[in-house]
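Please work through the exercises below with the sequence and the structure side by side, and try each task before reading its solution.

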Amino acid sequence: MTRKQRRLTMIGGSLAVLAIAAALVLNAMRDSIVFFSTPTMAAEKQFPPGQRFRLGGLVQPGSLVRGDNLAVNFSVADGSATLPVTYKGILPDLFREGQGVVAEGALDASGVFKADTVLAKHDETYMPKDVADALKKQGHWKDDYGAKPGATAASAPVQGTSK
Amino acid sequence: MIAEAGHYALVLALALALIQSTVPMLGARWGDQALMNVARSTALAQLLFAGASFTALTMLHVTSDFSVVNVFENSHSMKPLLYKITGVWGNHEGSMLLWVLILALFGGLVAAFGNNLPLSLRAHVLAVQGWIAAAFYLFILVTSNPFLRIASPPIEGRDLNPVLQDIGLAVHPPMLYLGYVGFSISFSFAVAALIEGRIDAAWARWVRPWTLVAWIFLTLGIAMGSYWAYYELGWGGWWFWDPVENASLMPWLAGTALLHSAVVMEKRNALKVWTILLSILTFSLSLLGTFLVRSGVLTSVHAFATDPARGVFILLILCLFIGGSLLLYAWRASTLKQGGLFAPISREGALVLNNLFLTTACATVFIGTLYPLALEVVTGDKISVGAPFFNLTFGPLFVPLLAAMPFGPMLAWKRGDLLGAAQRLTAAGIAALIVIAVLWAWTFGGATFAPLAIGLAVFVVAGAVSDLAERVGLFRIPLTIAVARARGLPRATWGTAFAHAGIGIALIGIVCETTWNTEYIGSMKPDHVAKVAGYQLKLDGVTQRQGPNFREMIAQFTVSRDGETLEVMTPSKRDFTTRGSSTTEAALLTRGASQLYVSLGETNAEGAIAVRIYHKPLVLLIWWGPVLMAFGGLLSLSDRRLRVGAPKPAKAARALQPAE
């Protein structure tokens, strides 16, 4: 093979791999991306049952009900809308009523959000970034959720999952 | 007083870095030996002052001097000594100080052990190191000074984040930083080569050991971080495709590619321009990782305090270094001469294939990590790209890479014999097929892909073993001669085999853990028994205990199997009063390479406690693999060829260039 042919083989091979990778990425982008939404946004967007999304907001005070065998019901509110959530499993250490939470899952046929992952954080002043941004946008931001600049602690996400 | 001294040492280090970044460059331009030698002394002095500054901060933390903001916010007088020390880098300011200390350490090492480098190359390399160092000293001094005082000192500190109060913090960040920052050396070498407009096989031989050191530490650092997350976060996950993890995986992938392309350059004087580009990209990805973690654009365990000014500053550094080096590359790369020719099927060809897949895999991780950020900036939509995305992109790209991996070392340089290599891999192929068949029969009707993936892993491991066996002529010649030959093999060959086998081992662990993981989640009362994967776990009771800076609730489980009592496991939950937060301390029972994992949830009104129990088969292989890989790297590093250093370039270029 001449130098040119060799170079062409290499370039052809590289392009083939890159094309395959691009196809994989586009395919994955279509199927496995999860949108973030507050209860209000969820009502606007009309997610069909079964489509996964991340629900963020505050745990509605007084809505937490523990059932048998680690089943939990609570509502997520963002000031203008609420959405009931069911979850089965262990909640994160700092899951509290009135505090920020992010749940991942999908709506069922009756409009209840079935979560398979619940995220909360390890800090008393913590507010998930997505939730804080969304609340600010809707004008429901309360200053006491805000972290004091420079005094915020490293805070770790804790996840509860049930597969 | 100590705080002021530490601050002052940092300012001096900045001044030295500025001198180091200019004077040797001028010296190299004018051919002035004395000026070029300035690089050496400034690099060593810079290390001294960065070390002094770091020592000062450590002393402040150990003595719990709460008049310093950094100590007040991240320490507590009751905290055990170990965590007082590790707490130094358990916060933004301190971890940046560790970053520059390690940067200075690598600069100092080049200065101290780079005596066999040509003078102008050493001057250029250290000057580039000086630029990086100066930028980061400036960053610390302007936006994240750890030595700031509080006007009225409080009596007690706010304590370190409980999750970080673990032995993992002592090991994981320093290891990771040694890896991240270690790639700055190959970056500096690449930029120096571009400035000088000259690069040869000797260059690759100088760069390889540094890249290898960085790679070893990065491998161990990532593995350590993964194990830490596994036992500390309480739900047994070891990799979350979290942006911060991806930030460390990307330089690892690029660095692994660099390691392989540097071999081609050293042996065959080919792929020069590509190797230079990879050196630049690898360190750029390290910088990007630092930016992602430190700027607060992401929320995660690793994002400490967020401050927009810091993000903008690091973004500036990022643009300056990545943009500048790529511009220099575009301008100067054409001056580098192309090297040896090779056929597509050859050792070089295999290494190019390796590079192709590794960099493409790295690109998919890059897209998955940055796409949500880009989309939020452009459309305002918030999305998360999680494990499914990476499983669908990264996974398929790794399959051909692993399948091709055993062939690489079997092919000859310049022109290889694929059929011959395949013949020598017959045994490995048969072993893989047997494993697939056995697993399929054993788990009939279960997972389809898992046996295939394990077969692939077995092929990789057996391929590495058969490469060694072929080289020493095992079973073909008398055993004693084979042993003698094995001793005589270059250490780098052993290193390759260990590192490649390590990948296979890790893959077995990953597949087993994800496919055959069994779990039990439920609430238990004392004397209840949970059955998981043939083990019986009886809850004996729950007790309370007071720790140094926390209260702890401990549950005691007696584990038995087939009526025989094995061990007592004591998972616990700790409440840290100062921070008002709690951590879950999982209990682990290791049986061979498998583990039983117990962690606790909350207690309810009737005294029942929520419990999560996992049986994770062969899970430990996930971390033994990287340890094997790092060991392989260490063997390669100890190879005589790298120890004696590179011969003088002029002669070497001729000696290493076989006739075409």
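**Exercise 1: a pair of helices in chain B**

α1(B) and α6(B) are roughly antiparallel to each other, because the angle between them is over 145 degrees. The model in which they are seen is a predicted one.

Task: find the angle and the axis distance at which α1(B) and α6(B) pack, and then describe the residues of their contact.

Solution. Begin with the two elements themselves, helix α1 of chain B, which covers residues 2–30, and helix α6 of chain B, which covers residues 119–143. They pack at an angle of about 150 degrees, and their axes are 7 Å apart. The next step is the hand of the crossing, which for α1(B) and α6(B) is left-handed. Finally, sorting the residues of this contact by class gives 19 nonpolar and six polar residues, with no charged ones.

**Exercise 2: a second and a third pair**

Solution. The crossing in which α9(B) passes α10(B) is left-handed, and their contact is made up of 17 nonpolar, eight polar and one charged residues.

The crossing of α15(B) and α16(B) is right-handed. Among the residues that meet here are L433(B), I436(B) and W440(B) from α15(B), and L456(B), F459(B) and S466(B) from α16(B). By class, the contact of α15(B) with α16(B) has 16 nonpolar and four polar residues and no charged ones.

**Exercise 3: the nonpolar cores**

Task: which residues have the most contacts inside the largest nonpolar core, and which helix gives the largest share of this core?

Solution. The largest nonpolar core holds 230 residues, and those with the most contacts inside it are A103(A), V100(B), L103(B), F136(B), Y137(B) and A457(B). Its largest share, 21 residues, comes from helix α8 of chain B, residues 201–232. Another core, of five residues, lies apart from it and includes L160(B), V163(B), L164(B) and L169(B).

**Exercise 4: a residue in a strand**

Task: is Q556(B) buried, exposed or partly exposed, and which residues does Q556(B) contact?

Solution. First locate Q556(B) in strand β5 of chain B, residues 551–561. Because Q556(B) has 17 C-beta neighbours inside 10 Å, it counts as partly exposed. Leaving aside neighbours within four places in sequence, Q556(B) is in contact with D540(B), G541(B), V568(B) and T570(B). By contrast, R476(B) is 80 residues from Q556(B) along the chain, and their C-alpha atoms are separated by 57 Å.

**Exercise 5: an outline of chain A**

Task: how many helices and strands does chain A have, and what share of its residues is buried?

Solution. Chain A has three helices and eight strands. Of its 163 residues, 39% are buried. Among the contacts in chain A between residues at least 6 apart in sequence, 60% join residues at least 24 apart.

Notes:
Residues numbered from 1 in each chain as written. Chains lettered and ligands numbered in written order. Predicted model: local features only at pLDDT ≥ 70, side-chain atom pairs only at ≥ 80, totals over all residues. Axes fitted to C-alpha atoms, helices over the stretch in contact; angles between N-to-C directions. Helix = DSSP H or I, 4+ residues; strand = E, 2+ residues; numbered from the N terminus. Parallel < 35°, antiparallel > 145°, perpendicular 65-115°, else oblique. Left-handed = near helix turned anticlockwise from the far one by under 90°. Nonpolar A, V, L, I, M, F, W, Y, C, P; charged D, E, K, R; others polar. Core = buried A, V, L, I, M, F, W, Y, C linked by C-beta atoms within 7 Å. Buried ≥ 20, exposed ≤ 12 C-beta atoms within 10 Å, placed from the backbone. Contact = placed C-beta atoms within 7 Å.
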